[in-house]
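Visitor: Hi, I'm new to this one. Can you put it up and walk me through it?

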Amino acid sequence: MRVLAAMSGGVDSAVAAARAVAAGHDVTGVHLALARNPQTYRTGARGCCTLEDSRDARRAADVIGIPFYVWDMADRFHEDVVDDFVAEYAAGRTPNPCLRCNEKIKFAAVLDRAVALGFDAVVTGHHARLGPDGLLRRSVDVAKDQSYVLAVLTREQLDRSMFPLGDSTKAQVRTEAAERGLAVADKPDSHDICFIADGDTRGFLAGRLGEAPGDVVDASTGAVVGSHTGAYAYTVGQRRGLHLDRPAPDGRPRYVLSITPKTNTVTVGPAEALEVSQVRATRPVWTGGPRPVAPVECEVQLRAHGDVVPATVDLDGDTLHAELRRPVRGVAAGQAVVAYRPDPAGDIVLGSATITG
Amino acid sequence: MAYLDHAATTPMLDEALEAYVATAREVGNASSLHAAGRRARRRVEESRERVAAVLGARPSEVIFTGGGTESDNLAVKGIFWARRGAGPDRRRVISSAVEHHAVLDSVDWLIEHERAEIGWLPVDSAGRLDPETLRAELTAYADRVALVTAMWANNEVGTVQPVAELAAVAAEHGVPFHTDAIQAVGQVPVDFAASGAAALTVTGHKLGGPIGVGALLLGRDVAAVPLLHGGGQERDVRSGTLDTAGIVAFAVAVETAVKGQQEYAARVAALRDDLIERVRRAVPEVVYNGDPTDRLPGNAHFSFPGCEGDALLLLLDAQGIACSTGSACSAGVAQPSHVLLAMGADDDRARSSLRFTLGHTSTQADVDALVAALPAAVERARRAAAPRTPR
């Protein structure tokens, strides 16, 4: 096949491209320039975007021996990922920009362009398995598994995707990179949001949305217990950084329970008030089989690297409803609910949707 | 492979390569006083005389440099500093909107760091400068101009400028005129003395010499403040141990290219004209950019409406055809060409352009390969650029 390898400049995508070559594909490497101003982006950040990352990707492509180009996706990335990220926070939700980037950039804008140019598929260095059965599964390296941020992909997108790393651990990928003479073998992993240079999400949002002082309110009493400089900067389940004026009557820690953009209010309460047993979500995608007509027994994951809980999932039009077997804390609107079916060959992604409440 | 990117760099001539290797085997610093040094110096000075002889310069006017970018920087900054040193009011640089970045960015640097003023000369839709606009600029700013710099021939669209007329206008006002002749030497007749220029940039690797060696022809009475300080090897204007092997090979290449220019130009222009005609037939909506007659013999430059140049380049590259979008890169990201924008093209036309440049190794087979691959590539690139329905 003619395949396009998206190369971030990191070790994973370099080894993925090399493996695609080894598997006999005709591979072309592409680095996505996502930053309008490359200097402001984090080096080594996932999928991005500094000049150094671009050079690392090009060097890897040269070592692998494949053509290499840079595609300018900065405008699309800004509209579909960065602006969306800000708008979601402003609306009191907690977005996952990596997921959004997969949905709108890597497996949409890039894939579309690749297909139009005659490529059959896009190869990435995501840690997830996608075999001949077309099912998306967790990586063998559970700690590095990225199936959660890929679960948003549709059948059409998955059919044109290749994830050559799913059967390997991160350690194996690094060893192989060194054996292949790829200089990125020791490049540190990235964990933060690539377009927030200093890792200060709150500062980034304040810069984009401005300061908006408001009240922090106790859920049970309705009393104002503190103030904030912008409700958008909070996430459901958050405990740190609340700066409450008064301790709770029972002396126990309080957590963010909800954010109300309309009144610019952050509501706090005890940990148990965070517990959620039912999750509603929108825009469902179902790739683990035919779209179910009856409730499905499965497991759900409610945030990246979050715990997995048994649940019953029901689809109704544009809505997904999950009944959790045991309550979960810190479920934030804007995150994805991903349904998995446990499987000895790697848990299978059944579907996903965006949590609304 | 069909290599149609000779304006980026062209293969070394056999005679230049042989001269390089033979000289590189010899030890000797041309500044040393012993026999080995004298031998190296003799090679350098013979090379200087060869370059001077074929380019209409005196040997003492040839300053060897590390290539075209250095020569352009030395000319623009060095002459600016020298002229301003002699008259503090002379802070204005007159340049054209279609210069190579080696000149553009040098001028920008002077604006930013040396409080230079700039007068940009516009070009017409073919990329051509009008000497009258230069005359108007010089008349308006009479005593405040440090230098004029305008290229001999454009690296992207191949348009050849009326250099002698421009130099004559500058001379009327007693202002030194520098010309970047990197793309011109060996392609069109270039004579330094006859051109009336005060300084002229030439580089090796565009005419069959090695990469990393070039020269600035600098008139004997033209002062330039050095960029590089050290041993003062080149007329105290340029320091650095002389690259004997590179200079020898450069001189061989310049001499060969200039002496063979007429024959070369006729052969390559015939191939190029065939390329243009067949590209037009294969892709009727193509837009041919640049001056149709006053043009480098190896240059063909097109816009392909509805396509992105970088998509076309990828597709042609996959078919073994090497060409260029001809535009500047930052982090490898294609920017719309400043040359086409200056010629009045809109953003889309600028982004849809490709440059094909032929050279001394080009054959009919190269043209045939391009013409065979182009229609399918254009078709695909057009589909890739078409707006899609949002998901």
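Visitor: Which way do strand β8 and strand β11 of chain A run, and how many bridges join them?
Guide: Strand β8 (residues 214–218) and strand β11 (residues 265–269) of chain A run parallel, joined by three bridges. Strands here are DSSP runs of E with at least two residues; helices are runs of H or I with at least four, and both are numbered from the N terminus. Two strands pair if DSSP finds at least two bridges between them.

Visitor: Before we go on, what sort of model is this?
Guide: The model is predicted: local features need pLDDT of at least 70, side-chain atom pairs count only at pLDDT 80 or more, and totals for chains, interfaces and linings use all residues. Residues are numbered from 1 along each chain as its sequence is written, while chains are lettered from A and ligands numbered from 1 in the order in which they are written.

Visitor: Back to β11(A). What stands opposite D218(A) there?
Guide: V268(A) does.

Visitor: And how does strand β10 of chain A pair with β11(A)?
Guide: Strand β10 (residues 255–260) of chain A pairs with β11(A) in the antiparallel sense, over five bridges. S258(A) faces T267(A) across that pairing.

Visitor: How many residues lie between β10(A) and β11(A)?
Guide: Four, and the two strands form a hairpin. N264(A), in the turn, has a positive phi of about 55°.

Visitor: How is chain A divided up?
Guide: Chain A has domain 1 (2–125 + 164–186), domain 2 (212–273) and domain 3 (274–355). Those bounds come from an automatic or database domain assignment.

Visitor: What separates the centres of domain 2 and domain 3 of chain A?
Guide: 28 Å, taken over C-alpha atoms. The contact takes eight residues from domain 2 and six residues from domain 3 of chain A. Contact means that the C-beta atoms, placed from the backbone, lie within 7 Å.

Visitor: What classes of residue are on the domain 2 side?
Guide: Where domain 2 of chain A touches domain 3, there are five nonpolar, two polar and one charged residues. Ala, Val, Leu, Ile, Met, Phe, Trp, Tyr, Cys and Pro count as nonpolar; Asp, Glu, Lys and Arg as charged; the others, Gly among them, as polar.

Visitor: Switching to chain B. What order do the strands take in the seven-strand sheet?
Guide: The order is β2-β8-β7-β6-β5-β3-β4 (chain B), in an open sheet with mixed pairing. β2 (62–65) and β4 (117–121) of chain B stand at the edges with a single partner strand each, so one side of each has no neighbour in the sheet. The twist averages 20° from one strand to the next. Angles run from 0 to 180 degrees between N-to-C directions, and axes are lines fitted to C-alpha atoms, for helices over the stretch in contact.

Visitor: What joins strand β3 to β4(B)?
Guide: Five bridges join strand β3 (residues 92–96) of chain B to β4(B), and the two run parallel. S95(B) stands opposite W120(B).

Visitor: Which strands does helix α4 of chain B lie across?
Guide: Helix α4 (residues 101–114) of chain B lies across β3, β4, β5 (145–149) and β6 (177–180) of chain B, at about 155° to β3(B). Helix α5 (residues 131–141) of chain B also packs on the sheet, touching β3, β4 and β5 of chain B. The direction of α5 makes about 155° with that of β4(B).

Visitor: What about the three-strand sheet, what's its order?
Guide: β9-β10-β14 (chain B), an open sheet with antiparallel pairing. β9 (287–288) and β14 (353–357) of chain B are at the edges. Two bridges join β9(B) to strand β10 (residues 299–303) of chain B, and V287(B) is opposite S303(B). Helix α9 (residues 261–282) of chain B lies across β9, β10 and β14 of chain B, at about 15° to β10(B).

Visitor: Last one. At what angle do helix α2 and helix α8 of chain B cross?
Guide: Helix α2 (residues 35–55) and helix α8 (residues 244–259) of chain B cross at roughly 25°, with axes that come within 9 Å. That makes α2(B) roughly parallel to α8(B). Angles under 35 degrees count as roughly parallel, over 145 as roughly antiparallel, 65 to 115 as roughly perpendicular and the rest as oblique. By class, the contact of α2(B) with α8(B) has eleven nonpolar, two polar and four charged residues.

How values were computed: Contact = placed C-beta atoms within 7 Å.
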